[in-house]
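Please keep the sequence and the three-dimensional view at hand while reading.

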Amino acid sequence: MTRVPVHHRWARWVSAAACAAALVAGLTACAVPEWQKPGTPASQILQDMGQPHVRSPLPAGGERWVYSRQPMGQQVYHFDFDSGQRLQSVRQVLNPSDFYQLRPGVDTQDSVYRYFGTPALVEHVASFQGDIWTYRFRENGGDRQAHVFLDPQRVVQRIMFTDEWRSDDDRH
């Protein structure tokens with residue numbers, strides 16, 4: 001029996017590992033929201049991304065699909081389609097400027113859900129009568145939370161931002 005030198009076995013292992021990594025990357029590349037191209041048919045997006053968490057009509061006859069990575073992820077993506085079911089844009093919406101577009105006294109739990117999807121957490125505090133929907137996001141490299149205060153009639157009353165301190169955070 002011929003013995004293969006160690007450095008040849010190492011080269012084979014590295015080559016096999018590289019091929020496996022390339023295969024995994026190739027299989028998951030289609031599922032990266034930011035890599036979806038405008039003009040792609042909705043049927044292809046559905047095949048690549050799976051069922052959206054929320055579907056909402058758009059004013060010009062198109063449709064918005066919302067893909068959320070909550071509760072542990074920190075992104076929510078809007079996939080906007082035209083009336084011909086072709087992708088127009090993909091945008092990550094968990095950021096302060098999108099939360100600031102919420103209109104206290106006007107927006108409702110339903111409109112928040114259609115825009116941001118299911119929150120990471122629904123909380124209550126003694127000083128506010130109603131639900132507080134909490135979304136996790138990143139801002140300037142830091143973990144943050146957006147808190148949307150919904151009164152008992154499910155109308156947005158205010159939005160508040162806090163830092164998120166995790167138990168696995170080494171900064172403590």
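## Salt bridges

Glu139 forms a salt bridge with Arg144, and their closest N and O atoms are 3.0 Å apart. The term denotes a side-chain nitrogen of Lys or Arg within 4 Å of a carboxyl oxygen of Asp or Glu. The model is a predicted one, in which local features need pLDDT of at least 70 and side-chain atom pairs count only at pLDDT 80 or more, while totals for chains, interfaces and linings use all residues. Residues are numbered from 1 along each chain as its sequence is written, and side-chain values use heavy atoms, with hydrogens and water left out.

Arg144 also forms a salt bridge with Asp163, at 3.2 Å between the closest N and O atoms. Arg144 lies in strand S7 (residues 142-150) and Asp163 in strand S8 (residues 156-163), so this pair ties together parts that are 19 residues apart in sequence. Helices (H or I, at least four residues) and strands (E, at least two) are DSSP runs, numbered from the N terminus. Through shared partners, salt bridges join Glu139, Arg144 and Asp163 into one network.

How accessible are the members of this network? Arg144 counts as buried at 17%, whereas Glu139 is partly exposed at 25% and Asp163 is partly exposed at 44%.

Another salt bridge links the side chains of Arg55 and Glu63, at 3.8 Å from N to O. Arg55 is partly exposed, with a relative accessible area of 42%. By the rule given above, the count comes to nine salt bridges. The table lists three of these pairs.

| Salt bridge | N to O distance |
|---|---|
| Glu139 and Arg144 | 3.0 Å |
| Arg144 and Asp163 | 3.2 Å |
| Arg55 and Glu63 | 3.8 Å |

## Nonpolar cores

A nonpolar core is a set of buried Ala, Val, Leu, Ile, Met, Phe, Trp, Tyr and Cys residues joined through side-chain atoms within 4.5 Å. The largest core has 19 residues, and those with the most contacts inside it are Leu94, Phe99, Leu102, Val112, Phe116, Tyr135 and Val148. Helix H4 (109-116), strand S6 (128-139), S7 and S8 each supply at least two residues of this core. Apart from it lies another core, of nine residues, which include Met49, Tyr67, Tyr77 and Phe81.

Contact means heavy atoms within 4.5 Å. With neighbours within four places in sequence left aside, Val148 is in contact with Phe99, Leu102, Val112, Asp131, Ile132, Trp133, Tyr135, Val156 and Arg158. Arg158 itself lies over the face of Phe149, at 4.1 Å from the ring centre; for such a placement, NZ of Lys or CZ of Arg must be within 6 Å of the ring centre and within 35 degrees of the ring normal.

## Aromatic pairs

The structure holds 11 aromatic pairs. Rings of Phe, Tyr and Trp (its six-membered ring) pair if their centres lie within 6.5 Å; planes under 30 degrees apart count as stacked, over 60 as edge-to-face and the rest as tilted. The rings of Phe99 and Phe137 have centres 6.1 Å apart and planes at 40°, so this pair is tilted. Phe99 lies in helix H3 (residues 96-99) and Phe137 in strand S6, so the two tie together parts that are 38 residues apart in sequence. Both Phe99 and Phe137 are buried. Tyr115 and Phe116 form an edge-to-face pair, at 4.7 Å centre to centre and 70° between the planes. Phe99, Tyr100, Tyr115, Phe116, Tyr135, Phe137 and Phe161 form one aromatic cluster.

Phe137 has a relative accessible area of 0%. Its C-alpha atom is separated by 9.2 Å from that of Pro96, 41 residues away along the chain. Among the residues in contact with Phe137, leaving aside neighbours within four places in sequence, are Leu94, Pro96, Arg144 and Phe161.

Which residues of H4 are buried? They are Gln109, Ser111, Val112, Tyr115 and Phe116. Seen down the axis of H4, the buried residues fall within an arc of 165°, so they line one face of the helix; the arc is that of the directions from the helix axis to the C-beta atoms. Gly117 follows H4 and has a positive phi, near 80°.

Glu164 is found in the segment after S8 and is buried, with a relative accessible area of 10%. Glu164 and Asp143 are 21 residues apart in sequence, and their C-alpha atoms are 5.3 Å apart in space.

Methods: Buried < 20%, exposed > 50% of the residue type's maximum accessible area, 1.4 Å probe, protein only.
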